[in-house]
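Here is a friendly note to read alongside the model. Take the points one at a time, and find each place in the viewer as you go.

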Amino acid sequence: MRFYISTTGIKKVTISNSGGSGGGKGSTVAASRRFFSRTVLPVVLLLGIILPFLFVRIAFLVLESAAACNSSFDCMGWRFFGGSDTSLKMKEELTRALLEAKDGDINDNGRDDSIESFNELVKEITSKRQDIKAFAVRTKAMLSKMEHKVQSARQRELVYWHLASHGIPKSLHCLCLKLAEEYAINAIARSRLPPPEYVYRLADPSFHHVILITDNVLAASVVISSTVQNSASPEKLVFHIITDKKTYTSMHAWFAINPIKSVVVEIKGLHQYDWSQEVNLGVREMLEIHRIIWSHYYTNMKEDLLHEGKHRSLEALNPSCLSLLNHLRIYIPELFPGLNKIVFLDDDVVVQHDISSLWELDLNQKVVGAVVDSWCGENCCPGRRYKDYLNFSHSIISSNFDPERCAWLYGMNVFDLDTWRRANITTNYHKWLKHNLKSGLELWRPGALPAALLAFEGHVHPIDPSWHLAGLGHRPPEVQRETLEAAAVLHFSGPAKPWLEIGFSEVQSLWNRHVNFSNEFIRKCRIIG
């Protein structure tokens with residue numbers, strides 16, 4: 001066997017046997033391939049693994065050193081293996097600088113605050129080669145400025161939301177004016193309600209009596225139409241609507257022109273009641289104390305609004321807190337001396353199922369039947385615990401009530417008026433009002449419910465949560481559609497009423513389907529769903 005090696009380099013190795021030359025060429029090619037596979041391929045694979053790592057590492061170092069060195073390559077040599085320690089040190093230094101940056105430094109450093117974006121800040125810092133503390137101070141100043149803007153925007157949103165929720169839509173104002181005009185010129189609009197043949201039902205305990213106290217014609221029509229539509233025995237329903245003097249003619253005209261077959265509707269204005277002197281003085285005292293509470297809360301509210309999360313302050317300043325119609329529910333036994341068991345409905349509810357069984361409900365000698373727990377489960381009542389209405393920093397409240405206890409829902413309630421009278425609930429209500437007055441008006445926030453929670457203490461019978469789903473005017477509902485459909489009564493409690501533009505579209509359709517948009521007055525006033 002012989003070896004032949006080229007003098008120009010190892011380009012070819014020839015191995016030949018002394019026995020012959022017939023297989024020389026094939027052996028040479030095979031040997032070349034073995035040499036290539038054993039030497040060159042491992043080198044290529046090794047480079048394929050190392051080169052990407054080197055590229056990423058160099059790129060990282062170039063970016064990291066861009067702000068600190070005149071040239072990226074000036075710093076790479078000594079940072080190639082020690083870059084991680086330097087990076088960690090830089091993070092620690094930046095953290096320390098941010099913590100040491102005082103608000104006074106932010107306001108008193110005399111620098112221009114016109115920079116609006118972080119990119120502009122980085123560009124300025126790198127171009128002027130400022131130290132890391134200067135960068136920290138400028139960054140903190142920018143973040144503080146942005147935070148202030150966000151808080152201001154949220155406060156403006158709350159104020160606008162508050163104003164929008166309590167304004168009267170032009171369409172509803174138009175409806176009242178058109179109906180009042182109709183009452184003046186149309187004898188049918190002035191016809192007696194209820195008709196003489198149905199008057200006996202107004203005090204007959206065998207009928208199902210529903211009480212509404214409202215000055216909203218459209219809302220009242222939705223409550224009554226939805227209740228009748230879903231009732232198994234609509235002929236047994238008797239509706240008593242109490243309204244104020246300015247809305248009486250419009251309310252009367254609507255139900256006189258749009259009678260509901262076999263259903264009794266009574267419209268009564270506050271000016272038509274012949275109250276006793278005792279009741280008259282009690283009502284005046286109640287309104288005066290609530291006005292004082294509202295004014296006191298308004299004075300203290302101004303500072304609270306400067307802090308985030310004080311949106312409930314605005315809600316408590318709802319004009320309804322000063323409305324006689326809103327507080328008059330505590331005088332229902334005096335307004336209807338001939339009735340015993342009644343169902344009270346707010347004007348911002350929609351009835352979705354038959355509620356006839358409410359009149360057969362056993363209240364176990366309690367005054368009111370109300371939903372306590374919500375759809376989310378037992379002792380689940382987000383945003384309506386006693387601590388959300390009462391002031392537990394006061395000893396009278398903290399020593400008598402549990403702050404985590406769920407407040408019962410007002411707006412769909414069953415009242416046993418005979419038990420109410422025996423328990424002297426109205427008198428107890430006035431006692432708590434006087435306690436609050438003597439305690440510096442600090443026992444609760446403005447509203448009809450806080451004082452009622454105290455007056456009805458020990459007289460509430462919990463009913464199934466499926467009867468009443470509330471809070472649909474506070475935020476878009478978090479419940480599933482099936483839960484909404486299953487609730488007997490939907491309550492749009494909160495500022496976003498379904499007849500307002502700020503109402504939530506997710507649930508507005510549940511209210512709009514009970515509005516007769518083909519009605520002549522609805523069309524004239526351009527009330528659209």
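1. Let's begin with a pair of helices. The axes of α8 and α9 cross at roughly 35° and come within 10 Å of each other. Axes here are lines fitted to C-alpha atoms, for helices over the stretch in contact, and angles run from 0 to 180 degrees between N-to-C directions. The crossing of α8 and α9 is right-handed (a crossing is right-handed if the near helix is turned clockwise from the far one by less than a right angle, and left-handed if anticlockwise). On the α8 side the contact is made by V217, A220, S221 and I224, and on the α9 side by T247, S250, M251, W254 and F255. Contact means heavy atoms within 4.5 Å. Sorted by class, this contact has 6 nonpolar, 3 polar and no charged residues (Ala, Val, Leu, Ile, Met, Phe, Trp, Tyr, Cys and Pro count as nonpolar, Asp, Glu, Lys and Arg as charged, and the others, Gly among them, as polar).

2. Some background before going further. This is a predicted model, in which local features need pLDDT of at least 70 and side-chain atom pairs count only at pLDDT 80 or more, while totals for chains, interfaces and linings use all residues. Residues are numbered from 1 along each chain as its sequence is written, and side-chain values use heavy atoms, with hydrogens and water left out.

3. Now the whole chain. It has 20 helices and 12 strands; helices (H or I, at least four residues) and strands (E, at least two) are DSSP runs, numbered from the N terminus. Of the 529 residues, 44% are buried (buried means under 20% relative accessible area, exposed over 50%, partly exposed in between, with a 1.4 Å probe and protein chains only). Among contacts between residues at least 6 apart in sequence, 71% join residues at least 24 apart.

4. Helix α9 (residues 245–257) also packs with helix α7 (residues 170–185), at an angle of about 75° and with the axes 8 Å apart. That angle makes α7 roughly perpendicular to α9 (angles of 65 to 115 degrees count as roughly perpendicular, under 35 as roughly parallel, over 145 as roughly antiparallel and the rest as oblique). From α7, the contact uses L175, C176, L179, A180, E182 and Y183; from α9, it uses Y248, T249, S250, H252, A253, W254 and I257. By class, there are 9 nonpolar, 3 polar and 1 charged residues in this contact.

5. Helix α16 (residues 425–438) and helix α17 (residues 448–455) pack at about 115°, with axes 9 Å apart, and their crossing is right-handed. Here I425, N428, Y429, W432 and L433 of α16 meet A448, A451, A452, L454 and A455 of α17. The classes are 9 nonpolar, 1 polar and no charged residues.

6. Which residues of α19 are buried? They are V507, Q508, L510, W511 and N512. The elements covering them include α8 (217–229), β7, α18 and β12. Take Q508 as an example: its relative accessible area is 16%, so it counts as buried. The side chain of Q508 reaches the backbone oxygen of L500 at 3.1 Å. Not counting residues up to four places away in sequence, Q508 touches P498, L500 and G503.

7. A488 sits in the loop between α18 (481–486) and β12 (489–491). With a relative accessible area of 5%, A488 is buried. Where does the chain come back to meet A488? Leaving aside neighbours within four places in sequence, A488 is in contact with V350, V351, Q352, H353, S466 and W467. The C-alpha atoms of A488 and I355 are 7.2 Å apart, although 133 residues separate the two along the chain.

8. Finally, some backbone details to check. Most residues other than glycine have a negative phi, and most peptide bonds are trans. The peptide bond from L193 to P194 is cis, with omega near -10°, and P194 lies in the loop between α7 and β3 (208–213). Phi is positive in Q365, near 65°, and in L441, near 60°. Are these two buried or exposed? Q365, in the loop between β7 (349–351) and β8 (368–371), is exposed at 64% relative accessibility. L441, in the loop between α16 and α17, is buried at 12%.

Note on methods. A polar contact is a pair of N or O atoms within 3.5 Å; within protein, one must be able to donate a hydrogen and the other to accept it, and residues adjacent in sequence count only if both atoms are side-chain atoms.
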